[in-house]
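Dear colleague,

Please find the structure we spoke about below, followed by some notes on what turned up in it.

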Amino acid sequence: MKIHEYQARELLAEAGVAVPDSHVVQTVDAAAEAYAKIGGRVVVKAQVFAGGRGKAGFVKLCDSAEQVREAAEFMLANRMVSPQTGSDGIAVKRLLIAAAVDIESEYYAAVVVDRTRRRPVVMVSREGGVEIEIVAKENPTAIVKQWLHPHLGLLGFQSARLIAGLGVTDKEQAKAVSRIIRGLVEVFFKYDCSLAEINPLVRTKDGQILAIDAKMNFDDNAIFRHSRLREMFDPGEENPLELQAKEHNLSYIPLDGNIGCLVNGAGLAMATMDLIKLHGGEPANFLDVGGSVTAEGATEAFRIILTDKSVQGILVNIFGGIAKCDTIAEALIAAAKGIGFNVPVVVRLEGTNVDRARKLLAEAAIPALVIATDLTDAAKKVCAKVA
Amino acid sequence: MSILVNRETRVICQGITGKAGAFHTAGCLEYGTNIVGGVSPGKRGTKSEHGLPVFDNCHDAVSATGADVSMIFVPAPFAADATMEAADAGCSLVVLITEGVPTLDMVRVRHYLDEKGTLLIGPNCPGIITPGQCKVGIMPGYIHKPPDGTCKSVGIISRSGTLTYEAVWQCTTRGIAQSTCVGIGGDPVKGLNFIELLERFEKDDETDGIVLIGEIGGTDEEDAAAYLGRHVTKPVVAFIAGRTAPPGKRMGHAGAIISGGEGTADSKVQALKAAGATVTDSPANIGEALEAALAADNPRMAGSLAGT
């Protein structure tokens, strides 16, 4: 789960991280009022998950209430289009109005889980304001890492090494950086983050250390124990079909192709997409119905796949283990009656209760159905159907 | 031979009275697994629907039954504690089937288990099976073929459940048996990984070849490739799922995500090929590639040729 920048700032500020004075607004009038409180030079930032805000004109420096009004009006009235949003762009509902600061140096600080070492790692870099992946590639020595003990967390000497890595030598400034890193680590553990990032962390010309922008991702598996995060969830930023799928315990991700996929198991679902591509087709989605799928769940899966109007054919690939082939066959028959298939559906079934499933499908004699003998045959058939 | 579990293995099920625990305990018993009891807090002294003794906690269960392996179906919020309890009670191997365990819980669990020297499989996995002897997990038993001395047999290591079944079925239908199959699970922080299992399969007399099934996310496959290039002499056939997966999207499994340019299928495929494994482009060709690799006189050489 992701949250907005303003929400991430809120969590950081609570943990003692210094952030510039700011307000979140939803109207042009409120933006002007916020400016009146802050004054001087401010930055107006659209609150959306997608990156590329600056280039799209959705981050603006303003020196007066009029300029703030103008910027707010533009951002709230227009959809933001960036390489991360797709050509339709996304609507902006909230703006962050924050005091602008005179930046002397930009740094980077983040905590993530290191999968290989199986513990969180704090990473800091002298090169802030750019993506850490680029720094890692072009100037890896600029990045300093310290791995965290699962129970002891950030130790004093680790903090000192991180600060030294940033090249901060002034005693007061070092203290300020230390406080920010400790706050970041605290938020990371407290809210089960998968990523907690401050980029940039800046030193201002007058020697203040401030977190200017923050990004946080949370472990979906841990949301159950964080009511605070559930309140912060913004369904408006999610794909409605993905949300609908989640409600039915389905894992669905839309893609650009025209062959819908219905598969049990995440690995097999990915492999099925790969197989379609290998045979010259383009998958329209990833869809894992899961192990304990019911006929209703599978029927809903067909409904979601067919909501995507670019779908010209469907490949059903089931290796029955816990999920039973006959359950899927029943869902297929129900979907054919209830929703109706206006595209060919190629079916490959193997595993638990496959004989009963094949019999059910043969008896139902659904015109749109094409039975495949094996995996390769299924991929070839569905690719031929949509070609 | 086999690795980790066999017909001597004594298994308890934590969560035996729950729906999933009861269902899969029945499946394991039917397969012939030596399940000796179960744990369900507050149900001490009762019998499970299978007629097995039920205990309040793992310590009681282990001391009464002499179990050495625990299979866990406890719901995700309590799974970490259950796993550490099993380790403290003296189980040498814990198989955590539960899906949805928080990652930071797993960080703590691994730390605890490593100190105890307890091995873990999972979470979010189908479990482990030594065909014909012992099934500790949720995989359909009948698709497997036990070694019978007349055919080749392979060890299977996989991050995915159903994709493992797919590979197993392709082996079985070609007359290739399986020594042991381990589903290591799809989470970012987990128990046994490719390397520890490659090491065990390399040493196992009954394993003639190894199937490695990976997917996008992390660098486990790259690490495995570096290891097998140096330490594994048996033929290895691999498949990596997710070549068509878009970056930044979690593909069902918590660990299946390409982020920061790390974890792409291409990187894994290249590393495995460079280490001499046969990497199949299609999940449908795993059995076929394995047949070829096992038949070759110099399997690793044949592997690298077939993989090009």
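A:Leu152 sits in the loop between β7 (143–147) and α6 (156–166) of chain A, where helices (H or I, at least four residues) and strands (E, at least two) are DSSP runs numbered from the N terminus. A:Leu152 is exposed, with a relative accessible area of 55% (exposed means over 50%, buried under 20%, partly exposed in between, with a 1.4 Å probe and protein chains only).

Please keep in mind that this is a predicted model, in which local features need pLDDT of at least 70 and side-chain atom pairs count only at pLDDT 80 or more, while totals for chains, interfaces and linings use all residues. Residues are numbered from 1 along each chain as its sequence is written, chains are lettered from A and ligands numbered from 1 in the order in which they are written, and side-chain values use heavy atoms, leaving out hydrogens and water.

Turning to the interface, 46 residues of chain A are in contact with 57 residues of chain B (contact means heavy atoms within 4.5 Å). About 4100 Å² is buried between chain A and chain B, with carbon and sulfur atoms giving 63% of that area; buried area is the accessible area (1.4 Å probe) that two parts lose on being put together, summed over both. On the chain A side, A:Arg115, A:Arg118 and A:Phe319 lose the most area to chain B, together 19% of what that side buries. Four salt bridges are found across this interface (a side-chain nitrogen of Lys or Arg within 4 Å of a carboxyl oxygen of Asp or Glu). B:Asp105 forms a salt bridge with A:Arg225, their closest N and O atoms being 2.8 Å apart.

Best regards
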